[in-house]
Amino acid sequence: MTITASPAWAALNAHRQAFGKTHLRELFSGDPKRVESLTLSFDGIHYDFSKQRMSAETLGLLAALATEARVSDSTERMFAGERINISEGRSVLHVALRRSSGPFPSSQFDVMPEVIETRRRMAEFAERLRSGKCVGHKGMPIRDVVNIGIGGSDLGPKMMGQALRSVSHPALGVHYVSNLDGAQMAPLLQTLDPRTTLFIVASKTFTTQETMFNANTARDWLRANLGDELVSENHFAAVSSKPERAVEFGVSGDLVFPIWDWVGGRYSLWSAVGLALMIAIGPHAFDEMLRGAERMDEHFRTTPFERNLPVVMALIGIWNTNFLGASTNSVLPYNESLKYFPSFLQQLEMESNGKSVTIGGEALDCATSPIVWGELGNNGQHAFFQLLHQGGRVVPCDFIAAVRSDFPLPKHQEALLSNCFAQSAALAFGKNEGEVRTDLEKESLSPQEVADLLPHRVFAGNQPSSTLLLTSLNPGTLGALIALYEHKVFVQGAIWGINSFDQWGVELGKAVANRILPAVYDPELDKTLDASTRGLLAFSRKHLK
Ligand code: F6P
């Protein structure tokens, strides 16, 4: 039975009908305690969801849905190390990566010794590099580190590296290359000195096409510039669950850091995949990030649903997607340092929950992951916010800001926060006909002009949003923030009854690309391809020359 057949789902449907399109204006004026009851705080994170189109009663009904979906059982099964990723036969234990001690998940199956040993090796290497003791060609200290990886082996450390650049090593350059397009790697190489550059090849499988192309190009570049004197061990480290493949590539065994099959790529920031980040921010800050995430894990595991941040966030998403009919979720950071956060969340949410069959293989009859998208909020205001305000669609938004600036300039932060708060208020409360008319009448316009302009100047409002405020962008609050979203995704997956930890949907494209690549060189192979691909190849062959 899918969750849509449950009594809790039916109760929510009935509630939605009774609730109708009740406007946020009414919800606020009808309940002076609304903000108090629809705000949660934990560990430097303030989460105001009072501008969601729901009431305390809605939250109660949603919590009943989580109970009916046995979310607590699913959580305990994950923390117990059960193989909940059944289509790949794997446990899901990224929470182990931020634990301070073991045994975990159990004394029979204790992953902590290798987690702690890997953390120690990472810290030792990062410290050596940060203090100039890690040398490249002819004993020159390494000055630039390039992480080569894609998806989960890129987005997490890159996002966090940007978020924590105010506390990053001042003299080391840490760069990220993911794209097959040479336009990312080629200009970067022009700025680097091969004698003082170290590449980290981060790939769980060590077979991902993009990563292997870029790693080979890096090796060729080093060989071409350093010639026979190249000692590749000084210029390569690797992170992989297949260490033998990294060694075969030419990475010295003592610079290959392990990752395990119980860590999903998009949940791997906390593992050795975070090595480039640790090099940038230092082992101490990295550890603070782990502690922030660990505190969120504990909160998630032990707090009743209605006061549990990840659960509440997940339930709001379910309400918006499955009951209010929203098909997207916009993520709007009001902080330049969070500019990669929307891309990180896209993988986390859509690769995890963009599924349409249950764990048991049954077709689902409800929507799952919304389309997650977003942009720096302040920039978005002058671009796509028009649609949010007057486009007539339900687009739930997550506004995210840090109260204290990481790069303060006089008065900027106050103005930035005002914009963030103004947008969510304007989206929620809008501007009705009466208010627009009063304003227009002050502009000495004719009655006809007022009538003509009126419909264009009305804001319907009632656009749902939540606001997440962090005290500041620091490793601890950021660690907690990422763990919050990870668990939100987990809870939603548990309610929809899907496997949030596989990603078969990305495999077909990879296989097709492998069939097309030889045909780029050999038109004889066209026969096996569809007519559209043949046409695209014919045009490309002509212009590739
Ligand atoms: O193609 C999807 C994917 O498998 C992601 O899930 C993963 O994060 C990414 O590719 C990179 O994989 P790898 O770390 O094995 O190179």
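**View 1. Helix α21 gives the most to the lining of the largest pocket, with six residues.** Welcome to the first close-up. This is a predicted model, in which local features need pLDDT of at least 70 and side-chain atom pairs count only at pLDDT 80 or more, while totals for chains, interfaces and linings use all residues. Residues are numbered from 1 along each chain as its sequence is written, and side-chain values use heavy atoms, with hydrogens and water left out. A pocket here is an open set of points on a 1 Å grid over the protein atoms alone, with protein on both sides within 12 Å along at least five of seven lines; a lining residue has an atom within 4 Å of a point. Helices (H or I, at least four residues) and strands (E, at least two) are DSSP runs, numbered from the N terminus. The largest pocket holds about 1100 Å³ of space, a volume being the space filled by probe spheres set on the points, which are joined across faces, edges and corners. Its lining has 45 residues, and T205, T208, Q503, E507 and K510 lie nearest the centre. At least two lining residues come from each of α9 (209-226), α14 (341-353) and α21 (507-521). What classes of residue make up the lining of the largest pocket? There are 20 polar, 15 nonpolar and 10 charged residues, where Ala, Val, Leu, Ile, Met, Phe, Trp, Tyr, Cys and Pro count as nonpolar, Asp, Glu, Lys and Arg as charged, and the others, Gly among them, as polar.

**View 2. The second largest pocket has a volume of about 530 Å³.** Look for A69, S74, I359, A494 and G497, which are the closest to its centre among the 25 lining residues. Helix α20 gives the most, with five residues. By class, the lining of the second largest pocket divides into 12 nonpolar, eight polar and five charged residues.

**View 3. L180, F213, L517 and Y521 make a nonpolar surface patch of about 430 Å².** Patches are made of residues with over 30% relative accessible area and no salt bridge; like charges are joined within 9 Å and nonpolar side chains (Val, Leu, Ile, Met, Phe, Trp, Tyr) within 5 Å. The areas come from the Shrake-Rupley method with a 1.4 Å probe, and for residues only the protein chains shown count as cover. L517 sits in helix α21. L517 has 34% relative accessibility and so counts as partly exposed; buried means under 20% relative accessible area, exposed over 50%, and partly exposed in between.

View 4. D287 and R291 lie four residues apart in α12 (residues 283-302), about one turn of the helix. Is D287 buried or partly exposed? D287 is partly exposed, because its relative accessibility is 32%. R291 is buried, with a relative accessible area of 18%, and E294 is buried too.

**View 5. A salt bridge joins the side chains of D526 and R541 (2.6 Å, N to O).** This pair links distant parts of the chain, with D526 in the loop between α21 and α22 (531-544) and R541 in helix α22, 15 residues apart. D526 is buried, with a relative accessible area of 12%, and R541 counts as buried at 14%.

**View 6. R98, D297 and E486 are linked in a network of salt bridges.** These three residues can be picked out together in this close-up.

**View 7. The largest cavity holds about 150 Å³ of space.** A cavity is a set of grid points where a 1.4 Å probe fits but cannot get out, and the structure holds three cavities of 30 Å³ or more. Of the 19 residues lining the largest cavity, I316, G317, N320, N329 and K488 lie nearest its centre. Two or more lining residues come from each of α13 (309-323), β8 (328-333) and α20. Helix α13 provides the largest share, six residues. The lining of the largest cavity has eight nonpolar, eight polar and three charged residues.

**View 8. The second largest cavity has a volume of about 50 Å³.** Which residues line the second largest cavity? They are L97, V115, T118, R119, M122, W260, W270, S271 and A272. By class, six of them are nonpolar, two polar and one charged.

Definitions and conventions:
A salt bridge is a side-chain nitrogen of Lys or Arg within 4 Å of a carboxyl oxygen of Asp or Glu. Buried means under 20% relative accessible area, exposed over 50%, partly exposed in between (1.4 Å probe, protein chains only).
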